[in-house]
Structures are given as structure tokens and as C-alpha cells.
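Work through the following exercises with the sequence and the model open beside you, and try each task before you read its solution.

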Amino acid sequence: MPSSSASTSAAAAPSPAKSAARPAAGGGSGGVQSLERAFDLLERMADAGGEVGLSELSAGSGLPLPTIHRLMRTLVVCGYVRQQPNRRYALGPRLIRLGESASRLLGTWARPFLARLVEETGETANMALLDGDEIVYVAQVPSRHAVRMFTEVGRRVLPHSTGVGKALLANHPPEEVRALLSRTGMPAATEKTITDPDRFLEALQEVRRLGYAVDDNEQEIGVRCIAVPVPDSPTAAAISISGPTGRVTEASIERTVPVLQHLASELSTALTTQNPS
């Protein structure tokens, strides 16, 4: 949740998501088959948590082991994959620079949609990704109100105390959510933070029922956040608005949710539309 700020005199200033179904590697899209297969393997590795064995990749991709071994050796040489002492393969450090650059671009592409969200709701708009076990904010457009919320782009927070975190975890299997919570713990940011896994899973069930998530004073007292996932995003993403509880009321939520959902759908289309050339 972004922190609160009053213009110049402020009172106070990420188990990976499963990717969408993919066609079989080298499925005849007109591209270079070896490149298609290599990127498919990288995505499957990410889906598996970043480390897999060749037999797992073969079972999931349908490619023969010699083909996978040849592709993986090339990726190892290039630094995009590394082989572990246990002979399994892990995503390599050279991907970090690509991911950081892509995250910055994703924030740039999202900013016009966030600006429209600010225009229509009056509150600060945010975009966040699920990166491993954490939420990372990749874009924000601030409200024009004197008292408004802000967060530093690049800031990382735990998902259990944020609206975007709930929106991003809502459709994950309960056992994956429990595993994530056991890794991160559930520290209380405020007295309103949910710190019990069972209660958090109940909250996610409510998110699925309503179609949106709420952070009600759970990250910062006096701040309320409303969030929705970006459907079919290439990477798990959510957008939100945040503001003082006196402005983000039950009545305003009813008006805001359809706007959030509409812009999330438009952003999804913009992110998934391929260049026909």
C-alpha cells in the first residue's frame, strides 16, 4: 500500500503465478523454431519455480531429451540458465537485467492507463507485479489531491497486507498460498493486518466472490486500497487506487470497481496485442 502525503508538507510521505496455456513449442507460428522452443523452456522453468530437471521439461514440453539438452546447453553458455551441482537447471543471472528493463517498460506502458484511472477516480493509481514471494510496484500516477498516497516505484512489500497482493494471489491454489505465507511469515504492519493463514485464505475467497480486493488500513492506518488483477497479463499484474479512508468509502468503492476492471481489461489488451509486422 502506498504511503500518505500532503502535497509539499506531507504528514507522512511476485510461488510464481502459473502462466496462461501455451501452444506446443515450435508450434508453427512462422518464427524461428529453436528460439520459440528456447523461450518456451524458459517460461516453463519460471512456472516451476526457477529450477527443473530435463525429464520434467521433456514431459511438459513434449520435446525429446536430446533437443532439450542442446537448447539448455546453449542457454547455459549464454548465461540465461545455469546448471546446479545436482544436475538440475536453474534460471540464470543474465535474465535479471532483462527482467529489470522489462519491468520499467511495463510501467511506462501502463502509465497512460493509470493516468486515466486518476482522472476518473481522483485517487492515486498504482501497478504492481508478483515477483517471487513479493509484490513490487512498477508504476504510479499520483492523485491531484493535497493529501494523497505515494510509493516509490521499485518498492517491495509482502502480499498479505496489500490489496494488490490479495488480487494477485486470489486465484492461486490454497496450498501454494500457504507455502508462500510460510516462507514470508505474516508480520503485522498495523493492528488491522491479517496475520493468520486461514483468515487470509478466507479473504482471498471473498476477493474471488467480489472480483476485487481491499486493503482496509492493513498496510497503513488511515489508508484504503482497492485492487483488481490485470486479466491474461503476460506476467501476474494488478492495478489499484489508494487514498484516505475518508475519501475511499463504501460508496466510492461501488463507483471505482467498474472503472478499475474496465481499465485493467484495456491494459491487458494493450500488453498482449502483438505487433503484426
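**Exercise 1.** Against which helices and which strand do the buried residues of H7 pack?

The model is predicted, with local features needing pLDDT of at least 70 and side-chain atom pairs pLDDT 80 or more, while totals for chains, interfaces and linings use all residues. Residues are numbered from 1 along each chain as its sequence is written, and side-chain values use heavy atoms, with hydrogens and water left out.

*Solution.* Begin by locating H7, which runs over residues 197-210; helices (H or I, at least four residues) and strands (E, at least two) are DSSP runs, numbered from the N terminus. Next, list its buried residues, namely Phe-200, Leu-201, Ala-203, Leu-204 and Val-207, where buried means under 20% relative accessible area, exposed over 50% and partly exposed in between (1.4 Å probe, protein chains only). They lie on the same side of H7 because they cover an arc of only 155 degrees around the axis, taken from the directions from the helix axis to the C-beta atoms. Finally, their partners are helix H5 (163-169), helix H6 (174-184) and strand E9 (213-216), with contact meaning heavy atoms within 4.5 Å.

**Exercise 2.** Which residues are exposed on the other side of H7?

*Solution.* Turning to that other side, you find Glu-202, Gln-205 and Arg-209 exposed.

**Exercise 3.** Is Thr-162 buried or exposed?

*Solution.* First place Thr-162 in the loop between strand E8 (156-157) and H5. Then read its relative accessibility, which is 1%, so Thr-162 counts as buried.

Key. The expected span of a helix is 1.5 Å times one less than its number of residues.
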